[in-house]
Amino acid sequence: MPGIFITLEGPDGMGKTSVLKALLPKLTHISQRPILETREPGGSKIAEEIRHILLDVNNTQMDDRTEALLFAAARRQHMAEVVEPALAADQIVFSDRFVDSSVAYQGAGHEVGEQAVYNLNLFATKGLLPDLTLLLDGPVEVGLQRIQKYRQNQNDRLDQETLAFHERVRASYLRLAAKYPQRIVVIDATQTLSDVVSACQSQLIQHFPELFKEAFK
Ligand SMILES: Nc1ncnc2c1ncn2[C@@H]1O[C@H](COP(=O)(O)OP(=O)(O)OP(=O)(O)O)[C@@H](O)[C@H]1O
Ligand SMILES: [Mg+2]
């Protein structure tokens, strides 16, 4: 695929969405190539419908493997409709969460098995993985504290997990980073938001100097 595919990952509340929100306006101004921002689960009509099933608080009976399959199904649809066409058109695609989220949350968090979920997702993406993944890392309590406020009035099915679950998620992300050091860069997300954004910018410049140097001057 000719385009560039970058993903933001990390435990709940570590700042993925905030970092993207800060980065993308700067890029959009300067970039010669169109930039596409998307998110998972969802990102296309059918995938958003699957997201709705996944997040529905009434779906208390959902089996862990069903959940893993639905995430992979939503991802396939998102790839086919959104990500693959954009990359084929040489665009820069930023996705808020991707395959690593499934490995960490379903594979390790829900103990479906990290390798099984990874393999399932390679089927969903036809083997396509991001060119670069920015993993926002920090103690899970930090992220959970940051989102406590908006979780009080906006709870979904996936928000009802234990601290141990979130610890398994974080540990799994760090295992992925150790296993795929070329693709995944760990960013200390306990810093101030502007420092986290700067750290992400530095990584983007380092990995794609010709694309991002101008944008982040
Ligand atoms: N580095 C930071 N320092 C302090 N607060 C932060 C930082 N980054 C983000 N926040 C705040 O923490 C909250 C969660 O941030 P955000 O929604 O970006 O996280 P997220 O990783 O996208 O979470 P989720 O996994 O729920 O999607 C927001 O209220 C945001 O303003
Ligand atoms: Mg978010």
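Me: Where is Glu 40 found?
Reply: In this predicted model, Glu 40 sits in the loop between strand 2 (35–39) and helix 2 (45–55).

Me: Why is Glu 40 called buried?
Reply: The relative accessible area of Glu 40 is 6%. Buried means under 20%, so Glu 40 qualifies as buried at 6%.

Me: What makes the pairing of Glu 40 and Arg 75 a polar contact?
Reply: The side chains of Glu 40 and Arg 75 are joined at 2.6 Å. The cut-off for a pair of N or O atoms is within 3.5 Å. The side chain of Glu 40 also makes a polar contact with the side chain of His 78, at 2.7 Å.

Me: How do you know that the span of helix 7 agrees with its 17 residues?
Reply: The expected span is 1.5 Å times one less than the number of residues. For helix 7 (residues 163–179) that should give 24 Å, and the end C-alpha atoms are 24 Å apart, so the two values agree.

Me: Which residues of helix 7 are buried?
Reply: Phe 165, His 166, Val 169, Ser 172, Tyr 173, Leu 176 and Ala 177 are the buried residues of helix 7.

Me: Why are they said to lie on the same side of helix 7?
Reply: Because the arc they cover around the axis is only 140°, they are placed on the same side of helix 7. The face turned away from that buried side carries the exposed residues Ala 178 and Lys 179; exposed means over 50% relative accessible area.

Me: Which residues are the closest to ligand 1?
Reply: Gly 15, Lys 16, Thr 17, Ser 18 and Gln 191 are the closest of the 17 residues that surround ligand 1. A residue belongs there if one of its heavy atoms lies within 4 Å.

Me: Which helix gives the most to the shell around ligand 1?
Reply: Helix 6 does, with 4 residues. The elements that give two or more residues are helix 1 (16–30), helix 6 (140–152) and helix 8 (193–207). By type, the shell divides into 6 nonpolar, 6 polar and 5 charged residues.

Conventions. Residues numbered from 1 in each chain as written. Chains lettered and ligands numbered in written order. Predicted model: local features only at pLDDT ≥ 70, side-chain atom pairs only at ≥ 80, totals over all residues. Heavy atoms only, no water. Nonpolar A, V, L, I, M, F, W, Y, C, P; charged D, E, K, R; others polar. Buried < 20%, exposed > 50% of the residue type's maximum accessible area, 1.4 Å probe, protein only. Arc of directions from axis to C-beta. Polar contact = N/O pair within 3.5 Å; in protein donor to acceptor, adjacent residues only side chain to side chain.
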